[in-house]
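Hello,

Here is the structure I promised to pass on. Please have it open while you read, and my notes follow below.

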There are 2 protein chains.
Amino acid sequence: MTQLRVPGPTPCPPEVLKAMAWQMVNHRGPEFHQMLTDVTADLKKVFQTKNDLLLLTGSGTGGLEAAVTNLLSPGDKILSVSIGVFGDRFANIAKTFGTDVIPMKVEWGKAADPDVVKKAVQDNPGIKAVLVTHNETSTGVTNDLQAIAKVVKDAAKLLIVDAISSMGSINLPVDAWHCDVVVTASQKGWMVPPGMAMVSVSPEAWQAHTTAKIPRFYWDFTRAKTNFDEKKENPWTPAISIVYAFTVALKMMLKEGIENIFARHARVGQTLRDGIKELGLPLFADPAHASNTVTAVGIPPGLDGKKLRQILREEYKVVLAGGQQTLDGKIFRIGHLGMVNEKDVKEIVSSIGKVLPLAGFKK
Amino acid sequence: MTQLRVPGPTPCPPEVLKAMAWQMVNHRGPEFHQMLTDVTADLKKVFQTKNDLLLLTGSGTGGLEAAVTNLLSPGDKILSVSIGVFGDRFANIAKTFGTDVIPMKVEWGKAADPDVVKKAVQDNPGIKAVLVTHNETSTGVTNDLQAIAKVVKDAAKLLIVDAISSMGSINLPVDAWHCDVVVTASQKGWMVPPGMAMVSVSPEAWQAHTTAKIPRFYWDFTRAKTNFDEKKENPWTPAISIVYAFTVALKMMLKEGIENIFARHARVGQTLRDGIKELGLPLFADPAHASNTVTAVGIPPGLDGKKLRQILREEYKVVLAGGQQTLDGKIFRIGHLGMVNEKDVKEIVSSIGKVLPLAGFKK
């Protein structure tokens, strides 16, 4: 069987795939009302939140756009903490919709220093919100969100979090850390195909929403909340099959228990990093902030990264991802989130070890 | 088996549902490149177009938002031809993003008169674009799009068409009728679950796009086109399972042949309308413009429409839709698009006939 180990989409359990094949029902009828109610309640358990939880039909990037357009106005000053491609994308979205983005760029491979975030917030008193990536999929780095959240909330700023590749895999207690908006997407740790973004919205975020002037229609939080609160529906026809898949996947996740899921991801991440080091390959991320869902592996001189991934894909059925933008050709990336265990990553390390010499690598 | 006969989602064939259960692949890998290439080419055959065809992950309403934000600028004067709830929604989207909407409202149940559209275009010389619904799902009316398109294009305006509930079921040759942007969605005549919008973009629309100033990121046509043209990819992680479903559903559609599909929908529509009339129930739509995908049935005095639909759903497994907004309680709606034949609608008529006396109807 193929080992699909890109950082999303992730492999889906057979039970989840079976649910994807369920026949359509009326999205404005009683069966679907019940499903949406249950899925929303279960998602809140994983988000560890009592905030509103909205399901939006679209990709994770759509969820990020929704966060920006629902909370901000053109001209609002915001701090963007970026540690890679997806942090830059988040800032780019905010710029596109006319906010005044103060970029805090961190060297790729490193995490953001909460003290530097604190200073940036202090140095720019007019800041309304801080955008931050919890887990940067392009570099395999996890920010210390708890510490960053503390400095942002101590300064009474809005905290908007891209948790697309962390939520459900790495601990992120939304309420305990006072995150105002947290965005994730179905194709990551949830073991569900792509097609939906899930967003939590705090009371402070709702407060900001009431005066936010960036125009929005499809992504409008008020429409999503009103339709759910009053009718247990979505304003627009939702990705029904993705909701089906969630009904199964979330039961599996809650049965395993979120603490156990986080611990499994930590063990799997450590096992993989140990294996990669043993092969003699460099890890790209600062070891103090290595991600437990995505590992970026440096491509040393002599190794043909494209050839490595091609042989792995064609002869070993192991599918890995390349580097993005300036990291193209410099790293390859292994996703290990959702349905994954130590045996899976050991197999991957073993396959990589066999292919390395064929792709020019000399230890 | 349940007869799901709302105007979308529509029932999916077993082969399509099987494809929904396919395991995930890398959306940036060779298998998916091939699928996206094939699905795009097949969609163009149904759209009868050589224009660009973009797949956007989202609901149909997202596709409408994409059309507005990619072609227009704040302050642009546009004519909105609305014959029901979805025409009003389209206008509402355009207003939300700051365009100057001149509403042309037609009595619900009637189609737009092309001569009136012509006059409206002449009377408002600064108009840049015309928004029009091909098939109005809320009233069961199909506009004479060919005639409307002629007057709009003769006046050299952009023509933006909501074909969500018509494309693939009712003839709409995009190139022959010179439609600039045409939007549809997966859960309608395509026999695929909801989760993707499909949009065709003409050269004139691309021209308008280059100067259109409404901010856009997620829905940006340039990003969608560039990623497809250069890499056969989507800019953001797409609804992969919906693309799987399309690979199967489109083959089925092209095997039947689009002319045969349109003829089948015409026969099915006529059979249903004849049956409803025989039951003694009034048809809401102007008979000259009755839709072949959705039929709105008037609720005469004495008949409890909600009870009718409830008994049909609970005891006959026939699921129909109610009326929307001011039509709530005044009509119910039957969807007959996608996987549907004369036998299906005859069964529905027979079930309605049995339940009518139980819901207070006296012929």
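This is a predicted model: local features need pLDDT of at least 70, side-chain atom pairs count only at pLDDT 80 or more; totals for chains, interfaces and linings use all residues.

Residues are numbered from 1 along each chain as its sequence is written, and chains are lettered from A and ligands numbered from 1 in the order in which they are written.

The C-alpha trace of chain A spans about 60 × 55 × 30 Å along its principal axes. Of its 363 residues, 56% are buried (20 or more other C-beta atoms within 10 Å of the residue's own; 12 or fewer is exposed, and in between is partly exposed, with C-beta atoms placed from the backbone). Chain A has twelve helices and 14 strands; these are DSSP runs, numbered from the N terminus, with helices (H or I) of at least four residues and strands (E) of at least two.

Now for the domains. Chain A is divided into domain 1 (3–7 + 257–359) and domain 2 (14–255), with bounds from an automatic or database domain assignment. Their C-alpha centres lie 26 Å apart. Each domain of chain A puts 23 residues into the contact (two residues are in contact if their C-beta atoms, placed from the backbone, lie within 7 Å). On the domain 1 side, α10 (258–279) and β11 (294–298) of chain A each supply at least two residues, and α10(A) gives the most, with four. That side divides into twelve nonpolar, nine polar and two charged residues. Here Ala, Val, Leu, Ile, Met, Phe, Trp, Tyr, Cys and Pro count as nonpolar, Asp, Glu, Lys and Arg as charged, and the others, Gly among them, as polar.

Between the chains, 43 residues of chain B are in contact with 43 residues of chain A. On the chain B side, α1 (14–20), α3 (60–71), α4 (85–96) and α9 (240–256) each give two or more residues, and the largest share, four residues, comes from α3(B). By class, this side has 23 nonpolar, 18 polar and two charged residues.

Helices α11 (residues 305–316) and α12 (residues 342–355) of chain B pack at an angle of about 115 degrees, with their axes 10 Å apart. The axes are lines fitted to C-alpha atoms over the stretch in contact, and angles run from 0 to 180 degrees between N-to-C directions. Leu308(B), Ile311(B), Leu312(B) and Tyr316(B) in α11(B) meet Ser351(B), Ile352(B) and Val355(B) in α12(B). That contact has six nonpolar, one polar and no charged residues.

Last, some backbone details. Most residues other than glycine have a negative phi, and most peptide bonds are trans. A cis peptide bond joins Gly8(A) and Pro9(A), with omega about 5 degrees, and Pro9(A) lies in the loop between β1 (3–4) and α1 (14–20) of chain A. Lys317(B) is not a glycine, yet has a positive phi of about 55 degrees. Lys317(B) counts as exposed because 12 other C-beta atoms lie within 10 Å.

Best wishes
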